[in-house]
Every structure is written in C-alpha cells, then in structure tokens.
Amino acid sequence: MTDTVSAKAGEKPRSSWVNLIIDFGPLLVFFLAYRHYSPSGEGDTVGTVAAVIKGTFAFMVATVIALVVSKWRLGKVSPMLWLTTVLILGFGALTVLLHDAFWIQIKPTAVYLMFSGVLFFGLWRGKPMLRYLLQSAFEGLNDEGWMKLSRNWAWFFLFLAVLNTVLVFTVSFDAWLQAKLWGFTVLSFAFTFSQLPMVLKHGMGDEAKTEILENPPHD
C-alpha cells in the first residue's frame with residue numbers, strides 16, 4: 001500500500017527500513033551481545049551460558065523497544081508482533097531464570113507452531129487468518145489469494161518449526177544461532193519471493209508487491 005493510501009486510511013506512512021529494524025533488529029542485537037560476551041576459548045560452558053543469558057536479556061529489551069518503535073513510526077502493532085513479543089519475553093525469562101539456553105532456542109519452534117496452528121485453524125473455518133495477523137491489506141489481493149497465501153505460510157511455518165527443533169537437538173548453540181540469524185532469514189525471504197507470482201495472479205497490483213516483500217510474516 002502506498003504512503004498516500006495509508007495516509008487516507010489514517011495510518012502513518014510505511015518505511016522499509018523501520019520494518020527491517022522491527023523485524024530483525026532484536027535478533028541481531030541478541031547475536032551481537034552473545035558474540036561480545038562469549039568466552040574466547042572452547043570448553044568454557046559457564047562462560048557460554050553467561051553469554052547466552054546476557055544476550056537473551058538484550059534480546060528481550062530490544063524486542064520491547066521494537067514494539068514501541070512499531071507503534072511510534074507505523075502507528076500500529078500487528079497481532080503477529082504482539083504474540084511474538086509475549087513469547088520472546090516468556091521464553092527469555094525462562095532462559096535467564098533457569099540458566100538454560102534451551103528455552104531461547106526452542107522459542108522459534110513455539111512461535112512457528114503457534115502461527116501455523118492459527119493459520120490452519122483459519123483455513124478450517126474458511127478464514128484467511130494471515131490477513132488478521134499482519135493487519136495488512138495488500139492492495140487488490142482477493143479472498144482466494146489470501147486463502148492461498150495463508151495456506152502456504154501455514155505449511156512453511158510448520159516446516160520451520162520442524163527445522164528449528166532438529167537444529168536445537170543436533171548442532172551446537174553457535175551453529176544454531178548462525179542458522180537462525182542468516183539461514184532462516186534467507187529462507188523466509190526466498191519463500192516470500194516465491195509467493196509473488198501467486199499473489200499477482202490473484203489481483204495484487206504490481207506496484208503493491210513491494211509491501212509484501214517489506215512485510216513478510218516473521219517470528
């Protein structure tokens with residue numbers, strides 16, 4: 001949706017860089033904080049756990065800031081961002097209190113399963129829940145397009161949940177973090193690009209495709 005249309009609807013203008021900060025800023029903060037506090041030598045389990053806890057705390061603070069920035073700059077907070085923030089704070093608190101990195105690692109699985117479940121439930125009820133989670137109306141996209149988009153993201157979220165769970169139990173924390181920051185991000189953007197032909201076919205104007213690329217569903 002263009003800035004003009006947003007203004008007419010009473011919303012603040014969209015900004016691609018703001019969306020990127022809100023979506024991926026907290027995760028990047030977690031990565032940088034963990035790297036900063038990580039012990040230099042291998043085998044320092046206590047130091048690694050301490051780095052995870054400090055990184056998690058920074059992650060939680062950054063997530064709350066992203067929530068505030070979303071309300072301030074975009075004029076709204078999507079249900080998807082609200083739900084993600086609640087889970088980040090919940091699993092983050094468990095990580096800090098129990099001194100166990102498992103909880104922050106398994107958080108994405110919980111997020112992906114929740115979103116997948118909501119979308120599949122909506123499909124069962126004949127409602128494209130992705131439209132409500134994103135609180136967005138991609139210009140011209142018809143109901144059939146929204147249903148297909150919800151179906152495709154439901155399966156993709158389920159795939160990501162399985163993938164994250166497998167990585168949690170099979171690779172080191174460092175490897176998992178690299179995969180989460182870079183691999184999952186690339187996968188999400190690649191999947192979003194793959195949906196463009198379908199949404200364009202179902203009525204979304206070519207000029208509106210920038211919005212779907214700037215606002216992909218995320219965890």
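The structure is a predicted model, in which local features need pLDDT of at least 70 and side-chain atom pairs count only at pLDDT 80 or more, while totals for chains, interfaces and linings use all residues. Residues are numbered from 1 along each chain as its sequence is written, and side-chain values use heavy atoms, with hydrogens and water left out.

The protein has ten helices and zero strands, taken as DSSP runs numbered from the N terminus (helices: H or I, at least four residues; strands: E, at least two). Read from the N terminus, the order of elements is α-α-α-α-α-α-α-α-α-α. Of the 219 residues, 46% are buried.

Side chains of opposite charge can pair when their charged atoms come close. Three salt bridges are present, each defined by a side-chain nitrogen of Lys or Arg within 4 Å of a carboxyl oxygen of Asp or Glu. One of them joins the side chains of arginine 35 and aspartate 174, at 3.6 Å from N to O. Because arginine 35 belongs to helix H2 and aspartate 174 to helix H8, this bridge ties together parts that are 139 residues apart in sequence. Aspartate 174 is partly exposed, with 32% relative accessibility.

Another salt bridge links aspartate 143 with arginine 131, at 3.5 Å from N to O. Here helix H7 supplies aspartate 143 and helix H6 supplies arginine 131, so the connected parts are twelve residues apart in sequence. With a relative accessibility of 22%, arginine 131 counts as partly exposed. Arginine 131 also has its charged end over the ring of tyrosine 132, 5.9 Å from the ring centre; the criterion is that NZ of Lys or CZ of Arg is within 6 Å of the ring centre and within 35 degrees of the ring normal.

Glutamate 144 and lysine 148 form a salt bridge as well, with their closest N and O atoms 3.3 Å apart. Both residues lie in helix H7, four residues apart, or about one turn of the helix. Glutamate 144 is partly exposed at 45% relative accessible area, and lysine 148 is also partly exposed, at 23%.

Turning to the rings, a pair of aromatic rings is described by the distance of the centres and the angle of the planes. Rings of Phe, Tyr and Trp (its six-membered ring) pair if their centres lie within 6.5 Å, and planes under 30 degrees apart count as stacked, over 60 as edge-to-face and the rest as tilted. The count by this rule is 19 aromatic pairs. Phenylalanine 121 and tryptophan 124 make a tilted pair, with 5.7 Å centre to centre and 50° between the planes. These two residues are three apart in helix H5 (residues 102-125), which means that about one helical turn separates phenylalanine 121 from tryptophan 124. Phenylalanine 121 is partly exposed at 45% relative accessibility, whereas tryptophan 124, at 68%, is exposed.

Phenylalanine 156 and phenylalanine 191, by comparison, form a stacked pair, with 4.1 Å between centres and 0° between planes. Since phenylalanine 156 is in helix H7 (residues 143-170) and phenylalanine 191 in helix H8 (residues 173-194), the pair ties together parts that are 35 residues apart in sequence.

Nonpolar cores are sets of buried Ala, Val, Leu, Ile, Met, Phe, Trp, Tyr and Cys residues joined through side-chain atoms within 4.5 Å. The largest core holds 42 residues, and those with the most contacts inside it are Phe30, Leu130, Leu149, Trp153, Phe157 and Phe173. Two or more residues are given to this core by each of H2, H3 (45-74), H4 (79-98), H5, H6 (129-134), H7, H8 and H9 (196-201). Helix H7 gives the largest share, ten residues. Another core, of six residues, lies apart from it and includes Ile22, Ala66, Leu67 and Leu74.

Leu28, Leu32 and Trp182 make a nonpolar surface patch of about 310 Å². Patches consist of residues with over 30% relative accessible area and no salt bridge, with like charges joined within 9 Å and nonpolar side chains (Val, Leu, Ile, Met, Phe, Trp, Tyr) within 5 Å. Accessible areas come from the Shrake-Rupley method with a 1.4 Å probe, and for residues only the protein chains shown count as cover.

Conventions: Buried means under 20% relative accessible area, exposed over 50%, partly exposed in between (1.4 Å probe, protein chains only).
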